[in-house]
Amino acid sequence: MTVMGASDPWAGAAGSPPTPLEPPSVADQPFLDAMARLAGGVVVLTTRDVVGRDCGVTVTACSAVSLDPPLVLVSVRRSGFVHDALSVSEGWALTMLAADQGDLARYASRHRAPGDRDDFSRWPHRRGSRTGALIFADGVAAVECVPYDSLDAGDHTIVVGRVVAAAAEPASQPPLVYVDRGYTTVPRSSG
Ligand SMILES: Cc1cc2nc3c(=O)[nH]c(=O)nc-3n(C[C@H](O)[C@H](O)[C@H](O)COP(=O)(O)O)c2cc1C
């Protein structure tokens, strides 16, 4: 049971009904510093814009969500380069990068000004058979998705995709990992 009192940030003034207040917030820097310690696999999300041009962005906010149906999510910054393309896309792909693909991760996370375009031609790739989105060669795994749902989440949109194709590369390199604001990898699991 919650005891309402002066120390309760949700409490209303004495004698009045509780008023919904903004929850206590945290300064940006402690939040960023804490989340920087969370290691994440590095993924390049690719799709095509309304006129069919390839575009992509590096993400670590990516997770499996459900097995039945098979769902994954990515959190994409609303003002980012691919957001608008993704919001109208009929399909997109995620390539989970390998330890030696830091150059691709850096390219897909570079700042792009309005009018800039992506050119992924220097990285070997194929087109996903279900979505036509680029899938990079030599990643540790890839999935193709069609839109399932989306949720406004602050300055990001959480995009949920239904997985329509998936492939892992069991004999490939270890994954590329981002932690403490830098790229690294993890030792191969011994099983
Ligand atoms: C390791 C790493 C992980 C990132 N993860 C995300 C993410 O999960 N979602 C997102 O929207 N942007 C993410 N970003 C930022 C974008 O990749 C990109 O840097 C940013 O959108 C700047 O590009 P823009 O100016 O074209 O938007 C990440 C960047 C890096 C380097």
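Tutor: Strand 2 and strand 3 run antiparallel to each other, joined over six bridges. Strands here are DSSP runs of E with at least two residues, numbered from the N terminus, and two strands pair if DSSP finds at least two bridges between them. Please keep in mind that this is a predicted model, where local features need pLDDT of at least 70, side-chain atom pairs count only at pLDDT 80 or more, and totals for chains, interfaces and linings use all residues. Residues are numbered from 1 along each chain as its sequence is written.

Student: Which residue does R48 stand opposite in strand 3?

Tutor: D54. The two strands make a hairpin with five residues between them, and G52 in that turn has a positive phi of about 90°.

Student: What else pairs with strand 2?

Tutor: Strand 6 (residues 92-96), in the antiparallel sense over four bridges; there, L45 has L94 as its bridge partner.

Student: Is strand 2 (residues 43-48) mostly covered or uncovered?

Tutor: Count neighbours: a residue is buried if 20 or more other C-beta atoms, placed from the backbone, lie within 10 Å of its own. In strand 2, six of six residues are buried: V43, L45 and T47 on one side, V44, T46 and R48 on the other.

Student: Which residues are closest to the ligand?

Tutor: Look for a C-beta atom, placed from the backbone, within 6 Å of the molecule. The ligand is surrounded by 15 residues, and V59, A61, R77, F81 and S109 are the closest. Strand 3 (54-59) and strand 5 (71-77) each contribute at least two residues to this shell.

How values were computed. A residue is buried if 20 or more other C-beta atoms lie within 10 Å of its own, exposed if 12 or fewer, and partly exposed in between; C-beta atoms are placed from the backbone.
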